[in-house]
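Subject: Structure handover

Hello,

Please find the structure below. My notes on it follow.

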Amino acid sequence: MHASAGVLVLVLLLCSFAGVAYAAFVDKGQVLGSTFSVGSADLKLLRDLSLGADGANLADEIQGPSFSNISSNWTADYLVKLYNNGSSRVTVTTNSDYLTANDPDELRQLIYVEIIEWNDANSDGTADETELGVSYGRDTIVKWKTQGFSLGSIDAGAVKGLVVRFSTGTVSDTKQGAVGIFDFEFNSIGE
């Protein structure tokens, strides 16, 4: 064997040992099982306003109010508490909904609604004047349907109390005995 061939074999052997030695010191780190969870929007209504937001007291739908003997300059409040049962903060809006057939005398043009923030400080389920906050606006039931009201945000696990104040201006004699049926809804969008 030639000396140069021996040196070549020796160099190849050294390179292969160096490669093996280098490979013995290689290491890696891994991030396993990465989970991504999308937040949820789940707006609920409290059935009993004086109770907390436990599962039995939460509903997707509750029965609305029934008002009778409405006349000129009438006003009445309906109290509601919303609960963010989702996992993320939500922005809340409200709109009325109705079928024209359920309001043939167009009371929707005469009845106004005002949405007022309500902080039930003593948790008794009644709205004291000192517990009322900002008004989100006042408009007819027609405008409530088409334009709605923006009610701000509710954090996950938080309750937001509202006073829905219904009122009238002048009600003409031609509306005597008229009946209208309206729904209203609260919508939440995750932030």
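Glu-61 sits in the loop that runs between strand 2 (58-59) and strand 3. Its C-alpha atom is separated by 8.0 Å from that of Lys-44, and the two residues are 17 residues apart along the chain.

Before the rest, a word on the source. This is a predicted model, in which local features need pLDDT of at least 70 and side-chain atom pairs count only at pLDDT 80 or more, while totals for chains, interfaces and linings use all residues. Residues are numbered from 1 along each chain as its sequence is written, and side-chain values use heavy atoms, with hydrogens and water left out. Helices (H or I, at least four residues) and strands (E, at least two) are DSSP runs, numbered from the N terminus.

Is Lys-81 buried or exposed? Lys-81, which is found in strand 3, is buried, with a relative accessible area of 8%. The side chain of Lys-81 makes a polar contact with the side chain of Asp-120, at 2.8 Å (a pair of N or O atoms within 3.5 Å; within protein, one must be able to donate a hydrogen and the other to accept it, and residues adjacent in sequence count only if both atoms are side-chain atoms). A polar atom of the Lys-81 side chain also lies 2.7 Å from the backbone oxygen of Leu-49.

Three strands form an open sheet in the order 7-4-9, with antiparallel pairing (two strands pair if DSSP finds at least two bridges between them). Strand 7 (149-154) and strand 9 stand at the edges with a single partner strand each, so one side of each has no neighbour in the sheet. Strand 4 (residues 90-97) and strand 9 run antiparallel and are joined by eight bridges. Val-90 has Gly-190 in strand 9 as its bridge partner.

Last, by class, the lining of the largest pocket has 22 nonpolar, 13 polar and seven charged residues. Here Ala, Val, Leu, Ile, Met, Phe, Trp, Tyr, Cys and Pro count as nonpolar, Asp, Glu, Lys and Arg as charged, and the others, Gly among them, as polar.

Regards

Notes: Buried < 20%, exposed > 50% of the residue type's maximum accessible area, 1.4 Å probe, protein only.
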